[in-house]
Amino acid sequence: MQSVMKAGTDIDEEFKKAAYVQHREYGTHRMVHAAMEPHGAVATYRNGTYTVWMSTQMAYVDQFWYARCLGVPENKVRIIKPLVGGGFGGKLDSYSFGLCAAKMAELTGRPVRMILSREEVFQTTRHRHPIYMKIDTAFGADGKLLAKKCYHVLDGGPYGGSGVASCAQATLWANFPYKMDSVDFLARRIYTNNPSAGAMRGYTACQVHFAHDLNMQYAADQMGIDPVEFRKISAADPGYVAPAGLTITSCAYKETLDTAAKEIGWYEKKGKMKKGEGIGFAGTGFVSGTGFAVLEAPNQSSACVTVRLNKRGIATLYIGSHDIGQGSDTVMTAIVAEELGLSMDMVKTFMSDTFLTPWDSGSYGSRVTFLAGNAARRAAVDAKRQLFEVIGPMWGVMPETLECLEGKVISKEKAELQMPIGDAMFRYMTVKGGDELVGIGSYYHRTDNSQYNGVNTTNYAPAYSFSTGAAHLTVDEETGVLDIDEFVFAHDCGRALNRRAVEGQLEGSIGMGLGYAVYEHNITKEGKVLNPNFRDYRLPTALDMPKMRTFYDFTPDAEGPLGAKEAGEGSAAPVAPAIANAVNMATGIYFTELPLDPEHIWRALHGMKDDRNSK
């Protein structure tokens with residue numbers, strides 16, 4: 001399978017007029033998700049209905065496929081997603097273990113539990129794609145990026161699944177975070193006998209940004225321009241429309257560059273570092289939600305939410321979105337509480353049950369906070385509207401002059417008019433014959449975002465996030481070991497709705513990015529994983545983590561719920577290239593492949609070929 005993206009000005013002319021043209025090749029390796037909780041399911045079969053409790057990121061998609069595999073209608077398959085101990089894309093596909101548990105429950109008449117062993121998780125689920133990348137770039141005399149050609153080859157393994165979309169994603173990320181006039185991108189996903197590859201935190205963004213940012217760093221060095229200033233010359237900004245039609249709304253990429261450079265002390269340390277010491281930067285862009293709902297839905301809605309208010313003013317929130325450890329249930333609860341003027345303990349949340357909660361496409365593409373968050377806010381607004389339409393006439397005021405604040409319904413025009421929301425709901429239900437109040441909301445950006453007005457219909461996401469990572473490290477030339485002194489991360493996530501959660505996501509991204517860059521290496525031979533356990537598959541521990549500082553107070557997004565954008569996947573992408581750029585500065589060697597483990601670095605420092613099996 002392949003994906004092609006060609007747009008903009010005449011690319012051959014752009015390369016002819018360029019002051020500097022660069023041709024480089026890069027490669028990345030195989031990685032696994034390494035979630036602490038393995039894949040597993042518990043199933044029952046009663047009265048002709050299969051019920052499956054399963055660690056999944058897409059309960060409604062699982063319901064769709066399981067029903068077809070079992071030969072029953074979807075109303076006979078119930079998928080319940082309990083709290084999941086890590087997903088990172090590894091629990092995105094519809095796997096056979098849940099299906100097997102369901103069928104065995106039918107055959108035995110008893111509940112069946114099926115949990116994959118660690119080796120089964122390594123061998124039979126999904127991995128991060130190894131990608132070979134060839135990049136040609138054209139620059140003006142001032143360092144401006146004019147045009148880019150790239151060719152990506154992805155090792156997909158024997159199956160498609162969530163890996164099918166990776167071809168398009170691999171070309172998408174090459175558009176960000178820099179402006180250019182012309183693009184010619186081609187990605188091919190090759191079927192091989194290696195373990196199957198699919199989605200993993202960033203969905204090929206980590207691989208693509210590793211190559212494309214190292215490409216920018218190399219060009220900056222060759223043209224003799226400061227690496228931070230070089231990136232700012234071509235940095236995307238608000239209103240930029242990429243050649244392929246991708247439209248950026250809010251964007252603080254330049255601000256993240258300035259923040260990272262200042263906090264890492266770049267301008268003070270530049271030119272004064274000792275031998276083996278280096279500072280590396282990397283800039284990336286990512287989506288806040290995707291442009292498709294996986295399964296067809298009415299109006300292609302991607303997220304639906306219901307809020308029910310009872311006579312005590314307690315709100316019950318029904319959301320289909322999937323919390324896989326990123327804290328989205330807390331964010332949804334907080335959004336509804338904020339909109340209804342309630343404390344969070346007055347909002348009770350039920351999540352991800354295909355018989356109980358409304359439709360949601362799943363947890364992928366950094367879509368949950370933006371899309372489900374907007375749906376949750378709309379449901380709360382709908383509930384308020386219905387309540388105000390009853391209370392307003394009682395008070396002799398217009399409904400639109402009312403608001404919910406601190407557990408009360410208040411008049412914004414007459415301060416003496418206020419009532420606890422529980423009392424307001426009692427009166428509402430009295431007028432409505434005892435009916436409880438139900439607010440509904442849904443979201444899909446092609447129909448809801450003003451940029452889709454018939455002029456531009458090719459934008460992939462409703463908003464984009466931008467990041468800059470900066471690593472300060474020292475390389476031991478005798479052993480090849482890295483000592484990462486500090487990592488500074490600046491992420492444009494709009495308004496942070498839960499600051500501690502954002503900090504946790506960014507610090508977690510640094511940890512996972514460090515593992516990808518230096519430690520983790522899934523070795524295969526003739527299609528078999530040779531290190532399918534946590535003893536032989538090296539993971540960074542708390543003792544390996546550098547000093548981390550994160551910054552995320554940038555411009556709120558006008559379309560995001562209360563101004564928020566993503567902070568989960570895009571934040572993983574700049575870590576590996578920032579570390580690699582720092583290693584390149586420290587050693588004077590331009591590494592173009594991952595991982596940068598001590599053996600790889602030591603061999604390069606001693607002029608030896610890196611002959612590891614890294615694919």
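Me: Among contacts with a separation of 6 or more, what share comes from residues 24 or more positions apart?
Reply: That share is 77% in the protein chain. Keep in mind that this is a predicted model.

Me: Thanks. How many helices and strands does the chain have?
Reply: There are 16 helices and 22 strands in the protein chain. With 615 residues, the globule rule gives 25 Å and the radius of gyration is 26 Å, so the chain is as compact as a globular protein of that length.

Me: And what part of the chain is buried?
Reply: Buried residues account for 60% of the 615.

Me: Switching to rings: how many aromatic pairs turn up in the whole structure?
Reply: The search finds 18. One of them joins Phe122 and Tyr537 edge-to-face, with 5.3 Å centre to centre and 80° between the planes.

Me: Where do Phe122 and Tyr537 sit?
Reply: Phe122 is in helix H4, while Tyr537 is in the loop between strands E21 and E22, so the pair ties together parts 415 residues apart in sequence. Phe122 is buried, at 2% relative accessible area, and Tyr537 is buried too, at 0%.

Me: What about Phe139 and Phe230, what kind of pair do they form?
Reply: Theirs is a tilted pair, 5.5 Å centre to centre with 45° between the planes. Phe139 belongs to strand E7 and Phe230 to helix H7, 91 residues apart.

Me: Are those two buried or exposed?
Reply: Both Phe139 and Phe230 are buried.

Me: Last one: which residues make up the aromatic cluster with Tyr253?
Reply: Phe176, Tyr178, Tyr464 and Phe466 form one cluster with Tyr253.

Terms used
Residues numbered from 1 in each chain as written. Predicted model: local features only at pLDDT ≥ 70, side-chain atom pairs only at ≥ 80, totals over all residues. Heavy atoms only, no water. Helix = DSSP H or I, 4+ residues; strand = E, 2+ residues; numbered from the N terminus. Rg over C-alpha atoms; globule rule 2.2 N^0.38 Å. Buried < 20%, exposed > 50% of the residue type's maximum accessible area, 1.4 Å probe, protein only. Contact = heavy atoms within 4.5 Å. Phe/Tyr/Trp six-rings, centres within 6.5 Å; stacked < 30°, edge-to-face > 60°.
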